[in-house]
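Subject: Structure for you to look at, with notes

Dear colleague,

I am passing on the structure we spoke about, and below it you will find my notes on what came out of the analysis. Please read them with the structure open beside you.

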Amino acid sequence: MDKGALPPEYQRILAVVQEAAGPVMTQHVGEALGLDTEVRGALEPLRAKLTKLADRGRLRKLPDGKFTARL
């Protein structure tokens, strides 16, 4: 599937992970997207989207909970 076929929000998430120097935590992605990471529970929807991207083969979810781009 082409990256352009994804909704814009998912495209931005993928771009943040792909541009990172290594595996990233959900909080890092949230900060890069401009989310208020200090609000309790604000990152849960983002974590769900990252996990969905990993489940569909767009990202890799590492055992420590970090995410990285698929090579």
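Predicted model: local features only at pLDDT ≥ 70, side-chain atom pairs only at ≥ 80, totals over all residues.

Overall fold

The protein has three helices and two strands, and when read along the sequence these follow the pattern α-α-α-β-β. Its C-alpha atoms fill a box of roughly 35 × 25 × 20 Å, taken along the principal axes. A compact globule with 71 residues would have a radius of gyration near 11 Å, and the value for the protein, 11 Å, agrees with that. Of the 71 residues, 32% count as buried, while the protein exposes about 4,700 Å², of which carbon and sulfur atoms supply 50%. Among the contacts with a separation of 6 or more, 39% are between residues 24 or more positions apart.

The nonpolar core

The largest nonpolar core has 15 residues, and those that touch the most other members are Ile13, Val17, Val29, Leu46, Leu50, Leu53 and Leu59. Helix H1 (8-19) and helix H3 (44-55) each supply at least two residues of this core, and H1 gives the most to it, with five residues.

Threonine 68

If you compare threonine 68 with aspartate 55, you will find them 13 residues apart along the chain, with their C-alpha atoms separated by 13 Å.

Salt bridges

Side chains of opposite charge can pair when their charged atoms come close. How many salt bridges does the count come to in this model? The count comes to two salt bridges, and I describe each of them in turn.

In one of them, lysine 49 pairs with glutamate 9, the closest N and O atoms being 2.6 Å apart. This pair links distant parts of the chain, since lysine 49 is in helix H3 and glutamate 9 is in helix H1, 40 residues apart. Lysine 49 counts as buried, with a relative accessibility of 19%, whereas glutamate 9, at 38%, counts as partly exposed.

The other salt bridge is formed by arginine 47 and glutamate 44, with their closest N and O atoms 3.3 Å apart. Because these two residues are three residues apart in helix H3, about one helical turn separates arginine 47 from glutamate 44. Both partners count as partly exposed, arginine 47 at 32% relative accessibility and glutamate 44 with a relative accessible area of 46%.

With best regards

Terms used:
Residues numbered from 1 in each chain as written. Heavy atoms only, no water. Core = buried A, V, L, I, M, F, W, Y, C linked by side-chain atoms within 4.5 Å. Buried < 20%, exposed > 50% of the residue type's maximum accessible area, 1.4 Å probe, protein only. Helix = DSSP H or I, 4+ residues; strand = E, 2+ residues; numbered from the N terminus. Salt bridge = Lys/Arg side-chain N within 4 Å of Asp/Glu carboxyl O. Rg over C-alpha atoms; globule rule 2.2 N^0.38 Å. Contact = heavy atoms within 4.5 Å. Areas by Shrake-Rupley, 256 points an atom, 1.4 Å probe, with all protein chains shown as cover.
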